[in-house]
Amino acid sequence: MNELSGVLFYLIGVNIFTYILMGMDKQKAIKKKYRIPERTFWLLSLLGGALGVLIGMKAFRHKTNHKSFQYGAPILLIVNIVCFVYLFFYMS
């Protein structure tokens, strides 16, 4: 059970971090400053942060016109959930 709580803390952390980065990138976009590369958001989504991307998209109205984010982030969220469920049953 200890490993499972570690995975849960990791997922919470990576999603909070991704959400914060979405907000920072939105502010940089408004100020026309150097932006966080999209590949960073994709990598974080692959590593479990897809929920943070989706919530950040809604909260900050950021990257909502990008078709790749509109469709890719929900798909990666499903992949994240499937992986977590697999780990939950595999580790318990």
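## N15 in helix α1

N15 sits in helix α1, which covers residues 2–30. The model is predicted. Is N15 buried or exposed? Its relative accessibility is 14%, and the cut-off for buried is under 20%, so N15 counts as buried.

Two polar contacts involve the N15 side chain. One goes to the backbone oxygen of L11, at 2.7 Å. The other pairs a polar side-chain atom of N15 with the backbone nitrogen of G52, at 2.7 Å.

Which residues does N15 touch, leaving out those up to four places away in sequence? They are G48, G49, A50, L51 and G52.

## K63 in the α2–α3 loop

K63 lies in the loop that links α2 (38–60) and α3 (67–91). Its relative accessible area is 7%. Buried means under 20%, so K63 is buried.

Beyond residues up to four places away in sequence, K63 touches D25, R35, E38, F41, M57 and F69. Among them, D25 falls within the residue range of α1. E38, F41 and M57 fall within the range of α2, and F69 within that of α3.

## A nonpolar surface patch

Which residues form the nonpolar patch on the surface? They are L8, F9, I12, I16, I20 and M24. Together they have about 590 Å² of accessible area. Their numbers place them within the 2–30 span of helix α1.

M24 is one of the patch residues and is found in helix α1. Its relative accessible area is 40%. That value lies between the 20% and 50% cut-offs, so M24 is partly exposed.

## The whole chain

How many helices and strands does the protein have? The count is 3 helices and 0 strands. From the N terminus, the order of elements is α-α-α. The C-alpha trace spans about 50 × 25 × 20 Å along its principal axes.

The protein has 92 residues, and 33% of them are buried. The protein exposes about 6300 Å². Carbon and sulfur atoms supply 71% of that area.

Contacts can also be sorted by sequence separation. Take those between residues at least 6 apart in sequence: 67% of them join residues at least 24 apart.

Methods. Residues numbered from 1 in each chain as written. Predicted model: local features only at pLDDT ≥ 70, side-chain atom pairs only at ≥ 80, totals over all residues. Heavy atoms only, no water. Helix = DSSP H or I, 4+ residues; strand = E, 2+ residues; numbered from the N terminus. Buried < 20%, exposed > 50% of the residue type's maximum accessible area, 1.4 Å probe, protein only. Polar contact = N/O pair within 3.5 Å; in protein donor to acceptor, adjacent residues only side chain to side chain. Contact = heavy atoms within 4.5 Å. Patch = residues over 30% accessible without salt bridge, like charges linked within 9 Å, V, L, I, M, F, W, Y side chains within 5 Å. Areas by Shrake-Rupley, 256 points an atom, 1.4 Å probe, with all protein chains shown as cover. Salt bridge = Lys/Arg side-chain N within 4 Å of Asp/Glu carboxyl O.
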